[in-house]
Every structure is written in C-alpha cells, then in structure tokens.
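Subject: Structure for you to look at

Hi,

Here is the structure I promised. Please open it first, then read my notes below.

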Amino acid sequence: MRHLLELADGELEQWLAERKLPAYRAGQVRRWVYQGRAESIEQMTDLPRGVRDELGQAFVLWTGRIARHTRAGDGTEKLLLEWEDGHRIESVLLRDGQRRSICISTQVGCAMGCVFCASGLDGVARNLRRGEIVEQMLRLQRLLPAEERLSHLVVMGMGEPLANLDGLLPALEAASSAEGLGISVRRITISTVGLPAAMHRLADLAVPYHLAVSLHAPNDELRSELVPVNRAIGLAEILEAADRYFAVSGRRLTFEYVLLEGRNDQPEHARQLVSLLRGRTALLNVIPFNPVAGLPYRTPSAAAVRRFREVLLQGGLNVQFRQRKGDEIDAACGQLRRNGVRLGETPATQRG
Ligand code: SAH
C-alpha cells in the first residue's frame, strides 16, 4: 500500500492510465483530499465503486494515527501523530481573529542541538517524507468547520526544515497550489537555524516564502553555546545568505530571538543586536522562553524584557515581542511529545 499523499505530480494520472481509467479521476481524488476533506478513499463518493475499490487496494490516505489531540482555552489545538514505525511528531492549529494558522514538523527530533529546545534532546531519528508533512496539514485542516480555511502555515514544529528540503518543498507546493490547500506563499513561513547552503538553494527557487532565521545571540561566541551547530557556520555566513534571500525574494526577513534569563537578555546583548542588524530590512521577533522540563533555563522577568526592548527600540530596530499561545497544552516545539515520555510512555526513538 502506498501513501496517496506521497505521490508526485502526474503519478496518479500515470497509475490511472495504466489501468485505462480516465485522467480526470486524479482531479476528483485531489478535490476530495484537499477541498472535500475526505477521511478515506471510501468516502470519495463521486468516484464509481470499482475505481474506489482499485484505489483502495493500492493506496491509503492516512499513514499516521492520532495518538493524542489536545485543545487549549484560547482555541489552540495540538495533534500528536504516530507513524507506522512508531515515531511521533506534533502539529499545531492556532486561531487568532480570522487567522487559521498551522505549525508543522519536518523531522522526527532534530540534530541542531539548540540547548533550550525540547525537540533536539534525543537527536534526530529521521526526516519526514512529503506525504507525512502533507498529512499533518490535512489532519489539522479537518479540525476546522467546513466554512473555515487554513490561512497561514509556519514550518516551526519539530526539526530543522532546511535539513529536509526534499521532503518539505513538494509538501509546500501542495499547501500553496490552487488544486491543493491554496495557502498563499506569502503566508507560508519557514523557520531555520540558519543553514547557508540550503538558504541559497531556497533563494534560487525564487518562490517568495517568508524566511525566519533563529538568531538567539548577537555574537558567535554566545551563539555557538546556545546553538551548537553555529560552531561550524558562524553568523557572517548566515547573514550573507539571509541578505541574498531578501534580495532575491523581496520578502522582509524575520530574525527570531528566544530570551533566556541571564544568558542573552542583557542590555549589552541588545546593543550588539542593534549593530548587527541595523540597516537591514528585517523584523526581530523576540520570543519569551517557554520552559522545558529538565532544562536549566528560565524566562526573564518582565522588567528585564522591558529593558531589553528599550535598547532595541532606541537603536531603531523593527521589533516584535511575541505572545505565547497554547501554553496550557505545551504547544511549543517538542513539548507534547516529551510529556508523553514523562508520563511513562516509551519514547519512539528508543524502541527496539
Ligand atoms: N529548526 C527551526 C525551527 C525550530 S522551532 C529553527 O531553528 O528555526 C521555531 C522557533 O522556536 C525557533 O526559533 C526555536 O529556536 C524556538 N524555540 C525552540 N525551543 C523553544 C522554547 N523552549 N521556548 C521558546 N522558543 C523556542
């Protein structure tokens, strides 16, 4: 059995042609998948019974199962999806006014090793396939009432998206195409730790996705402590790739900065950030640290955050201090999965 969502462009048409079935059946299937919100091939009721049976013998719509579904009072919903190999990832639906945003994962775990992040604590087990990335989008879409559509997509769940461009890019095509979910590429954000080679590859594609670069420190010494992968790369190369992405895409860049008490939240860090980013068409998104059980980091006090913000504003940076959403259901990277671990379930990555 193959995963229907794994098929590349034209593959379903080819499969139909081999069985002397009309090519327009492929369009019908896609409409059921992306617009009709079918939960199975059986539910694609305008396909003749015989076609449904044949499709059903060759393909499955879902390869994951929903291991847990949590809902917060602010409308945030989170799915823990378990794949056939037992690995688990998480995906989030956020409601904000008219916006219906989803946050999706690209890898099981993460290899980047950011010291404050729950996703990388056990390293990376594997990349997610395109179908597994699309399945997250569709599972979340089906949580919405029929009259509501997904409007925004952020690739900020588990994993480093630019370490899995081969899985991610076709999935984003399904998200943005008119036959797919129809989410405007301008409302799709890819968040990266900053991998220059992959950032260049993304720039060369010339699809104007919005790019967010996780900075977390204003100098290489501190960044290499907080974001270990930085040792092999360095800020200069990342900023150069980011500038080129901006030049090619025309999209304003976002830099993300998680504030950790006593580590990167001092006025001196803010001053260094000002000199690093001044003159760039960029937004600095400052995120309060979301506590992770077992990690020694803390969220700075409101006073420390205010001081930090003042220096940035005086320096003329374009800043945004992000609100947290979905706290009560641990809607931050990797946290739901880890809670499963804490509650005594066997972590998928450690199964025989
Ligand atoms: N690998 C990508 C996507 C990671 S998740 C990247 O590095 O950008 C998106 C953002 O959440 C990143 O900026 C990441 O550093 C941040 N993040 C990770 N753990 C966090 C935590 N406990 N609290 C707040 N932000 C966190």
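How many residues surround the ligand, and which are the closest? There are 19 of them, and the closest are E160, S191, S214, H216 and N290.

Two notes before you go on. This is a predicted model: local features need pLDDT of at least 70, side-chain atom pairs count only at pLDDT 80 or more, and totals for chains, interfaces and linings use all residues. Residues are numbered from 1 along each chain as its sequence is written, and side-chain values use heavy atoms, with hydrogens and water left out.

**The ligand**

The shell around the ligand has ten nonpolar residues, seven polar and two charged. Ala, Val, Leu, Ile, Met, Phe, Trp, Tyr, Cys and Pro count as nonpolar; Asp, Glu, Lys and Arg as charged; the others, Gly among them, as polar.

Look at the backbone next. A polar backbone atom of G159 is 3.1 Å from a nitrogen atom of the ligand. For N290, a ligand nitrogen is 2.9 Å from a polar backbone atom. V193 has a polar backbone atom 3.4 Å from a ligand oxygen. A polar contact is a pair of N or O atoms within 3.5 Å. Taken alone, the ligand exposes 540 Å², and the protein buries 94% of that. These areas come from the Shrake-Rupley method with a 1.4 Å probe. Strands β10 (188-192) and β12 (253-259) each give two or more residues to the shell. Strands are DSSP runs of E, at least two residues; helices are runs of H or I, at least four.

**Two helices**

Start with α3 (residues 49-58). V51, R52, L55 and A58 are buried there. Buried means under 20% relative accessible area, exposed over 50%, partly exposed in between (1.4 Å probe, protein chains only). These four cover an arc of only 130° around the axis, which puts them on the same side of α3. The arc is that of the directions from the helix axis to the C-beta atoms. An α-helix has 3.6 residues a turn, so residues three or four places apart point the same way. The buried residues of α3 pack against β1, α1, α2 and β2. Contact means heavy atoms within 4.5 Å.

Now α1. L12, W15 and L16 are buried. Their arc is only 100°, which puts them on the same side of α1. The face turned away from that side carries exposed A17 and E18.

Best wishes

Conventions
A residue is near a molecule or strand if one of its heavy atoms lies within 4 Å of it. A polar contact is a pair of N or O atoms within 3.5 Å; within protein, one must be able to donate a hydrogen and the other to accept it, and residues adjacent in sequence count only if both atoms are side-chain atoms.
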